[in-house]
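Q: I have just opened this one and have not looked at it before. Could you walk me through how its parts are arranged?

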Amino acid sequence: MTDNRIVAASSMKPHYNLAETRTPDGARLSLHEHDGTYCIRLNGQDLMHSMTSSSEVLLGELAADRLATKNPTRVIIGGMGLGYTLKAVIAKAGAKAVIEVAELMTEVVEWNRTHMAKLNGHLLADPRVQVRLGDVVDTIASARPNSYDAILLDVDNGPIPMVRAGNFRLYSPRGLETMKGKLKPGGRLAIWSASPDHTFEARLRAAGFTAQAIPAKLFPTAKRSAYVIYVGDKPALDSEEWVPKTERSKPPRRR
């Protein structure tokens with residue numbers, strides 16, 4: 001069979017609308033399947049697709065490469081999606097790692113466990129994985145200081161929210177300060193973004209991170225990078241967190 005015939009045969013295969021739900025803002029979130037591929041759409045527009053998942057994998061790899069030398073580790077992934085970021089983290093995480101997946105939409109977790117069990121949903125059964133249902137903002141805020149080796153966020157269109165306006169709290173100066181405080185010294189914050197945002201990159205630096213913008217492709221053989229992953233590294237030794245303010249203000253003791 002020629003390549004053209006293969007494409008034609010694939011296009012003739014049915015498209016299935018597997019499930020639908022509503023976001024807290026009232027938008028329609030739906031799961032679709034076609035010829036073994038999966039897609040989540042927001043109001044009919046593709047939000048994520050299993051055939052163009054390279055950027056989600058890269059998001060996980062940017063943290064996983066640093067985790068390979070640390071054990072035990074604790075990571076939080078904001079946004080379950082199609083499970084590709086979780087897959088990349090699990091591939092490098094040690095046996096004692098704790099990998100939290102914070103997902104606002106209960107249905108997205110269930111879709112992974114049922115409709116997409118063979119894709120990446122089976123990873124949720126890994127004993128190192130803990131699902132946190134609810135807003136990732138609240139999950140991170142409730143964590144103790146210096147809790148995480150990595151915080152990975154793919155909960156929206158990036159620093160300019162599209163899915164949920166309230167997500168801006170994550171990318172605000174206050175949100176970045178909060179996440180920095182929850183990271184261990186030397187920890188990494190990685191955020192998926194649909195487009196470059198130089199203002200946000202400057203905001204990362206202002207919050208005390210060593211910031212960089214890493215281009216991300218739709219798929220491995222793509223000639224151009226469609227997305228950006230913003231990486232912020234917390235200094236390995238932050239005196240503001242290791243020495244309490246009350247101690248810094250005290251004069252030296254006399255013997």
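A: One term first, for the sheets: two strands pair if DSSP finds at least two bridges between them. Please also keep in mind that this is a predicted model.

Q: Okay, so what order do the strands take in the open sheet of seven?

A: The order is E7-E6-E5-E8-E9-E11-E10, and the pairing in this open sheet is mixed. Its edge strands are E7 and E10, the latter covering residues 210–216, and each of them pairs on one side only. From one strand to the next, the twist averages 15°.

Q: How do E8 and E9 run relative to each other, parallel or antiparallel?

A: They run parallel, with five bridges joining E8, residues 148–153, to E9, residues 183–193. To find the pairing in the model, you could look at Ile151, whose bridge partner in E9 is Leu189.

Q: And at the E7 end, how many bridges pair E6 with E7?

A: Strand E6 (residues 98–103) and strand E7 (residues 129–133) pair over five bridges, in the parallel sense. Within that pairing, Glu100 stands opposite Gln130 in E7.

Q: Which helix makes a β-α-β unit with those two?

A: That is helix H4, residues 106–113, which together with E6 and E7 makes a β-α-β unit that is right-handed.

Q: Switching topic: what is the strand order in the sheet of four?

A: That open sheet has the order E1-E2-E3-E4, and its pairing is antiparallel. E1 (15–22) and E4 (45–49) are the edge strands, each pairing on one side only. Neighbouring strands here are turned against each other by 25° on average, if direction is ignored.

Q: What holds strands in a sheet together, in general?

A: Strands of a sheet pair through backbone hydrogen bonds, and they may do this in either a parallel or an antiparallel way.

Q: Then how many bridges join E1 to E2?

A: Seven bridges join E1 to E2, which spans residues 28–34, and the two strands run antiparallel. Among the residues involved is Arg22, whose bridge partner in E2 is Arg28.

Q: Back to the helices. At what angle do H2 and H3 pack?

A: H2 and H3 (residues 84–92) pack at an angle of about 20°, and their axes are 7 Å apart. Since angles under 35 degrees count as roughly parallel, H2 is therefore roughly parallel to H3. H2 passes H3 in a right-handed crossing.

Q: Which residues make that contact?

A: From H2 the contact includes Glu56, Val57, Leu59 and Ala64, while H3 contributes Tyr84, Thr85, Ala88, Val89 and Lys92. Sorted by class, the contact of H2 with H3 has seven nonpolar, two polar and four charged residues.

Q: What about H7 and H8, how far apart are their axes?

A: The axes of H7 (residues 173–182) and H8 (residues 198–206) are 9 Å apart, and the helices pack at an angle of about 45°. Because of that angle, H7 is oblique to H8. Their crossing is right-handed.

Q: And which residues meet there?

A: Pro173, Leu176 and Glu177 in H7 meet Phe200, Arg203, Leu204 and Ala206 in H8. By class, this contact has five nonpolar, no polar and two charged residues.

Note on methods. Residues numbered from 1 in each chain as written. Predicted model: local features only at pLDDT ≥ 70, side-chain atom pairs only at ≥ 80, totals over all residues. Heavy atoms only, no water. Right-handed = clockwise from strand over helix to strand, strands pointing away. Axes fitted to C-alpha atoms, helices over the stretch in contact; angles between N-to-C directions. Parallel < 35°, antiparallel > 145°, perpendicular 65-115°, else oblique. Left-handed = near helix turned anticlockwise from the far one by under 90°. Contact = heavy atoms within 4.5 Å. Nonpolar A, V, L, I, M, F, W, Y, C, P; charged D, E, K, R; others polar.
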